[in-house]
2 protein chains.
Amino acid sequence: MALLTQLGKIAGDHNVFSSREERFCYAYDGTYHLHLPDVVVKPQSVEQIVKIIKLANDSGTPVFPRGAGTGLSGGSLPVRGGIALVLTDLDRILEIDDANQVAVVEPGVITGQLQAMVEERGMFYPPDPGSLEVCTIGGNIAECAGGPRGVKYGVTGDYVLGLELVTPTGDLIHTGGKTIKNVTGYDLTRLMVGSEGTLGIVTKAILRLIPLPKAVKTVLAVFNDLLQASEAILDVFRSGVTPATMEIMDAEAIKCVIEQAGAQLPLDAEAILLIEVDGLPSAVEEELAAVAESCLRHQARSVETAGTAEERNLLWQARRAISPSLVKLKPTKISEDATVPRAQVPTMIRRLQHIREKYSLNLVIFGHAGDGNLHPNIIADERDAGEMARVEAAVGEIFQAALELGGTLSGEHGIGLMKAPYMLAELGAPGLAYMRRIKQSLDPNNILNPGKIFSS
Amino acid sequence: MALLTQLGKIAGDHNVFSSREERFCYAYDGTYHLHLPDVVVKPQSVEQIVKIIKLANDSGTPVFPRGAGTGLSGGSLPVRGGIALVLTDLDRILEIDDANQVAVVEPGVITGQLQAMVEERGMFYPPDPGSLEVCTIGGNIAECAGGPRGVKYGVTGDYVLGLELVTPTGDLIHTGGKTIKNVTGYDLTRLMVGSEGTLGIVTKAILRLIPLPKAVKTVLAVFNDLLQASEAILDVFRSGVTPATMEIMDAEAIKCVIEQAGAQLPLDAEAILLIEVDGLPSAVEEELAAVAESCLRHQARSVETAGTAEERNLLWQARRAISPSLVKLKPTKISEDATVPRAQVPTMIRRLQHIREKYSLNLVIFGHAGDGNLHPNIIADERDAGEMARVEAAVGEIFQAALELGGTLSGEHGIGLMKAPYMLAELGAPGLAYMRRIKQSLDPNNILNPGKIFSS
């Protein structure tokens, strides 16, 4: 195969993999889908990436860029064979610039490692996707990853100031820079963030850092009534507090972590809120009191607060136990992230509960209630065709509910492969055509991550 | 003229203007350039805009969208005649949604009026361009306007969650929505913000609001040494404080406001910093003390603080007096916004001072030092050809200095007409080509604001 030889010449034979076993290692992501690439390449430099993309563009070979493969929408799956371009070897933190509060990193840097390094220097990189101990900044940028802290601090896109990228035709270009303000032409930086590797390969990122909050406190509030919990959420924001996190778990999620992980929670609770406030110590105390008051005003049956790292950890245990608990029930986990305006969270939760009953599915509801970004998770068995058909119908209804409530298909996981069929419902034909024209103009041979975002 | 008749049929004859006097009223902006449109139209509805754009696209007539005409880069000037599309009659605040903390507005809403209205309800729309009492949200979105509060709160783009827009081919599409998180396909919202009316006409905007800070305090610090003032700036950020504003004035700016506006400032000072902190009262006190300490640590000769609105007003008087004072000297004001990384502010100021001496120009330096967004203002007389040639050379050197220091041509004014020739220097040929392909794909007949961003 001529392609193999050429890739070997560019990246070195030992960085090109073509056996079935090796290709299988890059055929998965965080979804339950599998797609084998024809070949796997691990480039060692930007120059090699430029050459690989030029080769692919000239030969019409699809390229599927990939970080740690933790994505939840199929964004990195090599759905048309071709080249799996694995960027994990470009993993240097090139610079931490204290005076300008920015970091310059390569795409393969692990998010959690960057966070630990900047926190040692009194700075903070807030985006905190669930997989932060393994996922990469490149993947975070591709999907515009979020996390619990999004409600106060925003998502990955809010921290990307500039990029170096290889375009689909093999040019190396730069967008943005180290300045916070930049209105020199179109905002290509933000266009690239969340474009899921369809418009270019990020080879370097300039990330904004902020001062590390000096204090943080955590509140766990237990409610007998889901509606009251939802009212408490709105009350917190109305009081002028923007918490650092505002997580919710519904009764099914609570039941699951009690039964599967032995969490110390009341089995009859209808909702739990896990709320953090951070900032200056004096402000944190004031906000903590306001949060507790909002919860008690809406009949929280208990409000626990934690100040030490250890106590916080205890409170977060139940929240963190959800995903591991779920996969003990059944093997196939479908994690959605349909997002609604904050005030629609109670209505959305009721609709999700209705969908759960209608299709008799294991559906638990948790997620980032403060920004309306819920994570309805369905746990099923992909070998059970009848159940998977019900899952598919339920997922369609989840999206329909989100759109009817003024929301969106995806808050932080991206469209990838799995939500592409629903794009038309959210954007309409002219909106989708406007988006597609951008893709066509920048990637005329459709080599970069084809089959994603736009369904064929 | 057939175009006139057709426009009259669409928007009503009384909303179409074609006399020389009327056209002159829409031939200017905040720069010193003048370009007469062939015809002026004030549409009264979105439907009329759709029809006008379809007519223009079919007939190849250039369309120049326009708000209040306060732009500082020539973004709204009708450089090729055609239609001046004046959006000021679409000026309704359609919704203020307290629960979701968003406002839905038409493009002609005046920024300051929106701010006043949301502040009455305990919410805050931070972007604060200098012209906020007259400029419109539509114009702010087109240029991604900033202001002093950008250093803490970001710029217009950070507050636009969704848009309704008419595409260059006359389709009505929607981007984003009321949710804070949205990764459904490309971030068209952010692509539109700052695209200077070249990719679509914004007809509705969904804006994010935040809680109104409960307290604000202001510090005016006077320095004998510009370098010490610059060090104080970095020291403030190093201490973990992100001030709401961090404004600087150099000796020439100080001299100008003393002589022209009678400001009560020491004539021999080399720099003044105007710093605001806001948030919870307890946090504000703590941050205020840290700011004062940073200033004193770097030899501030005086540090005045103000708490009441009246005292704050007094401190801001000198800063606000700069622009009016400047135009008393000479008629032609060139306001730049080249931006550098924060740590490069002292070097940038030295280079600007050197440029001032080299070209014997009235150049004063002030602006948003906290985010590196300085405003070197040159005051000249456009009837003096020799002086204007020196201005042009000086402006070129200002851009060169900003780029050499890792900065950008424009932090908040946009590229418009005046900086288009310098785009290549910042972006390089492949970067500029990538950007231009987006324009060509979305506006194939090049009817929307042609001649802007990209020089022909």
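Begin by selecting Cys144(B), which is buried at 7% relative accessibility (buried means under 20% relative accessible area, exposed over 50% and partly exposed in between, with a 1.4 Å probe and protein chains only). The model is a predicted one, in which local features need pLDDT of at least 70, side-chain atom pairs count only at pLDDT 80 or more, and totals for chains, interfaces and linings use all residues. Residues are numbered from 1 along each chain as its sequence is written, chains are lettered from A and ligands numbered from 1 in the order in which they are written, and side-chain values use heavy atoms, with hydrogens and water left out.

A disulfide is a pair of cysteine sulfur atoms within 2.5 Å.

Move to chain A and select Cys135(A), which is buried at 3% relative accessibility. The closest cysteine sulfur belongs to Cys144(A), 13 Å away and too far for a bond.

Return to chain B and select Asp278(B), located in strand E14, residues 271-279 (strands are DSSP runs of E, at least two residues, numbered from the N terminus). Asp278(B) is buried, with a relative accessible area of 7%. Its side chain makes polar contacts with the side chains of Lys152(B) at 2.7 Å and Tyr153(B) at 2.8 Å. A polar contact is a pair of N or O atoms within 3.5 Å; within protein, one must be able to donate a hydrogen and the other to accept it, and residues adjacent in sequence count only if both atoms are side-chain atoms.

Finally, show the residues in contact with Asp278(B) (heavy atoms within 4.5 Å). Leaving aside neighbours within four places in sequence, these include Pro213(B), Ala215(B), Val216(B), Ala244(B), Val284(B) and Glu287(B).

Notes: Helices (H or I, at least four residues) and strands (E, at least two) are DSSP runs, numbered from the N terminus.
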